[in-house]
Structures are given as structure tokens and as C-alpha cells.
Amino acid sequence: MTVETRGRIRRLLMAGFVLFGTLAGMLLGSRIASTASNAYEKLDLFSDVLSTVQNSYVDEVDVDELIYGAIDGMMSTLDPHSSFLDPDGYKEMQVDTTGAFGGLGIEVSLRDGTLLVVSPIEDTPASRAGIQAEDRILAIDDKSTQEMSLMDAVKHMRGPAGSEVTISVLRDGWNGPRDFTLEREVIRIKSVKSSRLSGDIGHVRLTQFQEKTVDDLRRALTELEKKPLAGLVLDLRNNPGGLLDQAILVTDEFIDEGLIVYTEGRLPNSRQEFRARREARKRQYPIVVLVNGGSASASEIVAGALQDHQRAMIMGTTTFGKGSVQTIVPLRDGSALRLTTAKYFTPAGRSIQATGIEPDIIVPQAVVTDSPTNHMVLREKDLEHHFENGEAEGEEADTEETDTEAAPPAGPAVSGEFEDYQLSRAADLLRGLKLIQTQQQKSVK
């Protein structure tokens, strides 16, 4: 590295830290400014390491890759939801929120360095090939995923529609990994799916919270409401979350007034409250919200608010427990930081961080099998560096609590909605409520 290049890099780094120190001083005073000042002393160390690697490493290296790697490493010391997005990764994230991209249709996460399938998206190459939740992806096109970041793994699986990619998958019960060669498709994630169950029960499933989720929800409900509804099943199972504003607007469809969610963080301006709009049209029919261990973040905001307002009955199994808010901070070169800046709380003041939303009625999903099995469910509390729930500090752990959801013995498979045990129980509950209301009306007459 030339003296000129080294000096330019040092000046850029110093400028960045000066900017950081200035902002920190404005927001948090001398304490953080002092911390930033201490960081200046490490700039020479960073510059020395960068120079040594660039001059002495066995192969020629790219300075951008080294600096991006350093930033990525710094972010990895924080909670599992804070990360650095290089320019390509930032573009991928923006594509995700619009709901269309070329890929396989797999929601993935990292656990202990292993790339894990959270859930396959319905009617995609992954789901049609038989990829299942909790499958471990060991390699993508013969490249081991062991040292891949989550964003790198996603980038490797995505690509032009019509191209092929081979993933090596290991599943509990298999003797070894199996290869799946899949053809990429344009994955258009339809965030709202609706249907009418037998009788007058509506079923709306939200797969994630995207830019147009609330608009699609309103259209779906309007269509269902063309005939009288005795109740609605709002299905948030395996919904990993998404945009906060969409979660608030979805909740606002069903709550007359009051608090939906509030956030708190280290900075004074991180305290925000989001409330229902009185002027908006409200749906007044009974609601059952279905959740499970794959329901996270924005899904938990909706479930927690409807539960606290006693607007809906929550049914299923405990949710994931992601109670933190991420802010996207764009950077000058097209990259960005995804930084955890606050934690959110339900209207009753509950933090669901690492604990999740406990359903009012516990209903594990029944699976047709030769014998009952235990199915491991990945939740926020299982992720490395996760935030603890402050409300639980000092309390002893419940020794009977387990990270498994035991599926009850399943009866014979039947057709229609009853193939989905949890959905069936939700519909039964709404029909029961309708029956009780009918009987009460008759008794009054």
C-alpha cells in the first residue's frame, strides 16, 4: 500500500469517526463522545492491519472487501438482527419488501453457524421439491455454507429465473445429506391469501408484511364480506414479519381506538407510540388469530395488540419472540446498516423479546405420523447474542419449559380444512361463539 493510499484511507476513516463523534455528542452528550474519542486511538491499529494484509498476504486482496469484512465483523458482535448490507445486499433487501425476486422460495436463518430453513414458501420450487422447515442447508452449488453470512447464502440461492442451483440438505432422520437441483423462478410472494371456510367463517392468511399488505388485506376482507361473516381466522403462522407500518395498519383494521404498539430505546427520540385511527372503518366480527413458533416480529405486534385489547382470541403455539426494531441506515456507497435501535412493547406494556406471545388457547399442530414426535422449533431465545427480556431478569427459569412442540397423536387424515388441525380448531371456536350468541338472542326474545 502506498503512503498516499494509506493516508487517504486513514483520512476517510477519521472523517467517519469525526462525524460519528459529532452526532453522538449531540445525542448522548460527553459520555458517548468520550467513547468515540477512545475509538480514534484504534484507527491507527486498523490502518496498520489493513496495510499489513494488503502488502504481505499471499494473494492480492481487494481493499473494499477487507473494509466491508471488517464492518461486517463489527456488526456481528451485536444482536443477531443487526447487520451490514453491502450494495448488493441492500438492493436484495429492498427487493424483499416489494415481494418479487428470482429464487427458490425459502425463508432461512442462521443458528450456530448452520443455515437453517425457517419455512418454504408455498407453491415455489423449494416447497414442490419437498424442502421442509428445520432442514439444514450444508452447501449451495458445492460451496459450504459453514462460513457464509446469511446475506451471502441468500445471494447464492437467488438468480435469474430459469437458471439452476443445487443445494445440499440434511434432515433429522436421514443418514446423510441429499442434493436438490432446483430451477429458479420469479418468486412473487403474495402476502395475503383468503378463502371462505365451510359455512360463514372467513380465513385470511398473511405470509409476511410488505408494502401493499394492508391494501391486499382490505380487498380480501371486502370480498369475504359480500356474504355475512360469523367470524374470521387471521392466520399469522410462519409469518416472519416485515414492515412495521404495515403491522400497525393491519391491526388498525380491527381496533376502534387506543395504543397498538410503542417502542423504547437508548435515544430519547426512540420512544414512539402508534395508535388506532378512530375514523377508519373497523371490522367487528369475532376473530381468532393463529400463531406458531414461526410467527415473528410484525406478526407478534399484531397478535399482541389484538390480545391486549381483547379483540381476538390467540390460538396455536408460542411465537418466535423477536421484540426489537431495526432501522435501515443507508451509507454513501450504496451499502447500509441494519441496526437495532429500539424494542417494542404491546399496549399493556409487555415485552415479548425472547419470550414470545403466549396463545390464549394452546393448540399444537397435529401431524399424521406413525407415532407422536417432538419437533424442534427455532425461536429468538435460541439465537446467539439475542437480547434478554428485561422483565424476566432475576427470575428462575421454569425447569419444565421445553423448546419442543409435541404434536398430539393424529387421527386419520380427512379432507378439506380439517387437514389443518389448528385451522379446524379455530373455525370450531368461531362456530361455537356464533351458536352461543344465537342462543342468547333467542333467550332474550
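Author: A residue is called buried if its relative accessible area is under 20%, exposed if over 50%, and partly exposed in between (1.4 Å probe, protein chains only). By that rule, both Y262 and F345 are buried. This is a predicted model, in which local features need pLDDT of at least 70 and side-chain atom pairs count only at pLDDT 80 or more, while totals for chains, interfaces and linings use all residues. Residues are numbered from 1 along each chain as its sequence is written, and side-chain values use heavy atoms, with hydrogens and water left out.

Reader: What share of the protein chain is buried?

Author: Of its 445 residues, 41% are buried. The chain has ten helices and 21 strands, taken as DSSP runs numbered from the N terminus (H or I of at least four residues for helices, E of at least two for strands).

Reader: How do you know how Y262 and F345 are arranged as an aromatic pair?

Author: Rings of Phe, Tyr and Trp (its six-membered ring) pair if their centres lie within 6.5 Å; planes under 30 degrees apart count as stacked, over 60 as edge-to-face, and the rest as tilted. By this rule there are three aromatic pairs. One of them joins W174 and F180: the centres are 6.4 Å apart and the planes are at 20°, so this pair is stacked. The pair of Y262 and F345 has 5.2 Å from centre to centre and 15° between the planes, and is stacked. Y262 sits in strand β13 (residues 259-264) and F345 in strand β18 (residues 336-345), 83 residues apart, and the pair links distant parts of the chain.

Reader: What makes W174 and F180 buried or exposed?

Author: W174 has a relative accessible area of 17%, so it is buried. F180 is at 15% and therefore counts as buried.

Reader: Which charge lies over the face of W174?

Author: That of R178, at 3.9 Å from the ring centre. A charge sits over a ring if NZ of Lys or CZ of Arg is within 6 Å of the ring centre and within 35 degrees of the ring normal. R158 lies over the face of F101, at 3.8 Å from the ring centre.

Reader: How do you know whether α7 and α8 are roughly parallel or antiparallel?

Author: Helix α7 (residues 213-224) and helix α8 (residues 244-252) pack at an angle of about 25°, with their axes 9 Å apart. The axes are lines fitted to C-alpha atoms, for helices over the stretch in contact, and angles run from 0 to 180 degrees between N-to-C directions. Angles under 35 degrees count as roughly parallel, over 145 as roughly antiparallel, 65 to 115 as roughly perpendicular, and the rest as oblique. Therefore α7 is roughly parallel to α8.

Reader: Which residues make that contact?

Author: T213, V214 and L217 from α7 meet Q246, L249 and V250 from α8, contact meaning heavy atoms within 4.5 Å. These residues divide into four nonpolar, two polar and no charged. Here Ala, Val, Leu, Ile, Met, Phe, Trp, Tyr, Cys and Pro count as nonpolar, Asp, Glu, Lys and Arg as charged, and the others, Gly among them, as polar.

Reader: What do the buried residues of α8 pack against?

Author: Against β11 (201-206), α7, β13, β14 (272-275) and α9 (298-308). The buried residues of α8 are Q246, A247, I248, V250, T251 and D252.

Reader: What is noted about phi of E134 and of D141?

Author: Phi of E134 is near 80° and phi of D141 near 50°, each a positive value in a residue other than glycine. E134 is in the loop between α5 (125-129) and β5 (136-140), and D141 in the loop between β5 and β6 (143-144). E134 has a relative accessible area of 19%, so E134 is buried; D141, at 36%, counts as partly exposed.
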